[in-house]
Amino acid sequence: MKKQLVVALGLIEKRSKVLVGLRNSPDDPKAHGLWQIAGGKVELGESPEQACVREVREETGYRIKIASPVARVTDVLWKHPKGYVRVIVITYPCKIVGGKLLKVSRENSEWKWITAKDYTKMKFTPGTKDVLMWWFSRK
């Protein structure tokens, strides 16, 4: 399988910490049990910004607004069980405007607020660590 996806992530910061979720996807051993930023695929007919807001709400329970039009774009080649997938990842800095954090979701079994020191000791889905390094280096 050769495939290309566009994914929008919502990097949520609160008190100098960033929210990450523990991926729950037993069918994808390369990602299962790794930490990730909330977000997902951009569906046909929606903008990356709309996808970010929708996906973050579905996964976390939070209503967010995109805090900055400046996004981080990364290109990740992900080895999937059925072949390679090229993923264009667009990460938006976001602020919480409502809602309540879900304890678990279909895609995440745990949530954690992490600092710049924490992320260096954790294992992440492909591309996530690069985004966090970019974010924390700006602070």
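Student: In this model, which residue forms a salt bridge with E58, and how far apart are the closest N and O atoms?

Tutor: The model is a predicted one, and the pairing sits within helix α1, residues 48-60. The partner is R54, with the closest N and O atoms 3.4 Å apart.

Student: Is E55, whose side chain meets that of R54 in a salt bridge, buried or exposed?

Tutor: The side chains of R54 and E55 meet at 3.1 Å, N to O, and R54 itself counts as partly exposed at 23% relative accessibility. E58, which also forms a salt bridge with R54, is partly exposed as well, at 43% relative accessibility. For E55 the relative accessible area is 7%, and as the cut-off for a buried residue is under 20%, E55 is buried.

Student: Which element gives the most residues to the largest nonpolar core?

Tutor: The largest nonpolar core has 24 residues, and those with the most contacts inside it include L11, V18, I114 and F124. At least two residues of this core come from each of β1, β2, β6, β7 and α3. The element that gives the most, with 5 residues, is α3.

Student: Which residues does F124 contact, leaving aside its neighbours within four places in sequence?

Tutor: F124 is one of the residues with the most contacts inside the largest nonpolar core. In general, nonpolar side chains of soluble globular proteins tend to be buried together. With its sequence neighbours left aside, the contacts of F124 are V20, L34, W35, Q36, I114, Y119, K129 and L132.

Student: How many bridges join strand β6 to strand β7?

Tutor: A hairpin joins the two strands through 2 residues, and H80 stands opposite G83 in β7. The strands β6, residues 72-80, and β7, residues 83-99, run antiparallel, and the number of bridges that join them is 9.

Student: Which element of the protein has the lowest mean pLDDT?

Tutor: The protein as a whole has a mean pLDDT of 91, with 99% of its residues reaching 70 or more. Among its elements, strand β5, residues 62-66, has the highest mean, 97, while the lowest, 86, belongs to β6.

Methods
Residues numbered from 1 in each chain as written. Predicted model: local features only at pLDDT ≥ 70, side-chain atom pairs only at ≥ 80, totals over all residues. Heavy atoms only, no water. Pairing = 2+ DSSP bridges. Helix = DSSP H or I, 4+ residues; strand = E, 2+ residues; numbered from the N terminus. pLDDT = per-residue confidence, 0-100. Core = buried A, V, L, I, M, F, W, Y, C linked by side-chain atoms within 4.5 Å. Buried < 20%, exposed > 50% of the residue type's maximum accessible area, 1.4 Å probe, protein only. Contact = heavy atoms within 4.5 Å. Salt bridge = Lys/Arg side-chain N within 4 Å of Asp/Glu carboxyl O.
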